[in-house]
Amino acid sequence: MTIDIQNLTLEDIAEKAGVSRSTVSRVVNEHPNVSEKVRTRVLQVIAETGFHPNAAARTLASQRSSMIGFILGRTVSSFFPDPYFPQLTQGIAQACNQNRYTLSLFLVGSREDEAMIFPNVSRKGLLDGVIVQSGHDDDELINKLITSNIPIVVVGRPFEVENVTFLDVDNVEASRQAVAHLIGLGNTRIATIEGSANTTVSIDRRRGYEKALAEAGLPLDEKLIAAGDFSEESGYRAMEALLPHKPDAVFAASDAMAFGAIRAARHAGLRVPEDIGFVGFDDLPSARRFEPALTTVRQPVSEMGSKAVDTLLQIIHEGAASQAATIVPTELVVRNSCGAKAKGLAQ
């Protein structure tokens with residue numbers, strides 16, 4: 001008897017294996033509630049016949065598409081130059097590959113983009129779940145997704161943390177430690193370059209800066225606080241604004257801004273770290289290669305992406321994450337830019 005592989009159905013496999021169609025469906029969709037003996041028999045028949053279940057049929061049977069969405073509430077122009085987001089995306093993509101999920105990337109640059117994207121990502125059957133990068137305080141997308149009941153994990157602390165699972169580092173404590181390190185080196189006029197306004201990451205890193213100053217009994221001088229947007233160019237411009245106020249050290253809320261600030265300080269004739277010290281945040285691959293090598297807070301960006309996928313899959317398959325918030329540890333990496341090594345005070 002000749003077997004027409006193209007026209008084989010689940011019913012055909014079920015008949016040959018001596019089981020029900022629903023049992024074959026559970027095996028094909030890797031459902032756990034099948035005995036190993038039955039699973040082995042069905043898989044043997046599938047192998048012998050060369051049967052390939054239709055992807056659409058599998059989706060209908062399991063009510064899952066094996067697709068995850070990653071939504072970045074950033075413009076395309078700012079996404080690609082910023083090294084943080086490619087690292088995060090790489091971690092998410094690798095975890096999707098390991099779990100045999102397809103990744104769909106959505107870049108939101110405006111409210112109009114958000115209005116167009118939301119119906120697609122929330123449509124039943126398109127995505128099994130979404131990972132969202134936490135954005136500005138006026139972003140409404142996260143709340144919309146929560147009410148749509150699609151499984152969701154947020155990277156970065158959202159402004160509203162109820163009924164949402166998120167991953168983040170302790171930006172307040174990490175920034176406090178970075179500034180305390182500069183204070184411990186004898187600096188008293190420590191400036192900070194903030195990231196994008198009205199984001200939780202910028203708010204938390206500013207709080208850490210203020211906390212370290214308060215603990216050391218140092219005054220908060222608004223003239224030593226400059227705004228950036230996490231880009232290198234914004235770090236350069238912010239440093240130009242700070243230079244007239246003569247800071248002796250700078251805590252930049254991202255490595256990219258620290259790179260720009262160091263360039264500006266040098267263009268003004270200052271030596272780094274002899275005249276002014278710098279600490280960044282991220283520990284991008286270029287931080288070690290920069291001259292001088294950048295002292296910075298290391299956050300495991302790629303690992304956070306991978307962890308976000310693992311957490312989302314737990315929600316998809318089990319209905320809930322083990323905890324609402326996962327705080328990933330950071331580490332202050334002391335190199336040359338802060339002046340600690342020159343003073344023999346490196347940790």
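1. Ground rules before we start. Since the model is predicted, local features need pLDDT of at least 70 and side-chain atom pairs count only at pLDDT 80 or more, while totals for chains, interfaces and linings use all residues. Residues are numbered from 1 along each chain as its sequence is written, and side-chain values use heavy atoms, leaving out hydrogens and water.

2. How many aromatic pairs are there? Rings of Phe, Tyr and Trp (its six-membered ring) pair if their centres lie within 6.5 Å; planes under 30 degrees apart are called stacked, over 60 edge-to-face, and the rest tilted. That rule gives two aromatic pairs. Y84 and F85 make an edge-to-face pair, with 5.0 Å centre to centre and 90° between the planes. Y84 is buried at 13% relative accessible area, and F85 is buried at 5%. (Buried means under 20% relative accessible area, exposed over 50%, and partly exposed in between, using a 1.4 Å probe and protein chains only.)

3. Now for F259 and F290. Their ring centres are 4.5 Å apart with the planes at 20°, so this pair is stacked. The pair links distant parts of the chain: F259 belongs to helix α12 (residues 255-267), and F290 to the loop between α13 (285-289) and β10 (295-298), 31 residues apart. (Helices, H or I with at least four residues, and strands, E with at least two, are DSSP runs numbered from the N terminus.) F259 is buried at 6%, and F290 counts as buried at 19%.

4. Have a look at two charges over rings, too. The charged end of K144 sits over the ring of F118, 5.8 Å from its centre, and that of R205 sits over the ring of F281, 3.6 Å from its centre. (To qualify, NZ of Lys or CZ of Arg must be within 6 Å of the ring centre and within 35 degrees of the ring normal.)

5. Next, the cavity. A cavity is a set of points on a 1 Å grid over the protein atoms alone where a 1.4 Å probe fits but cannot get out, and lining residues have an atom within 4 Å of a point. Grid points are joined across faces, edges and corners, and a volume is the space filled by probe spheres set on the points. A search of the whole structure finds one cavity of 30 Å³ or more; the largest cavity has a volume of about 370 Å³.

6. Which residues lie nearest the centre of the largest cavity? They are Y84, F85, Q133, V201 and F230, out of 25 lining residues. α10 gives the largest share of the lining, three residues.

7. Two cis peptide bonds deserve a check. Most peptide bonds are trans. The bond from V272 to P273 is cis, with omega near 10°, and P273 lies in the loop between α12 and β9 (277-282). E291 and P292 are also joined by a cis peptide bond, with omega about 0°; P292 is in the loop between α13 and β10.

8. Finally, phi angles. D282, in strand β9, is not a glycine but has a positive phi of about 140°. D283, in the loop between β9 and α13, is not a glycine either and has a positive phi of about 60°. D282 counts as buried at 7%, as does D283 at 14%. The C-alpha atoms of D283 and V297 are separated by 6.0 Å, although these residues are 14 apart along the chain.

Notes
1 Å grid on protein atoms, 1.4 Å probe; cavity = no way out; pocket = protein on both sides within 12 Å on 5 of 7 lines; lining within 4 Å.
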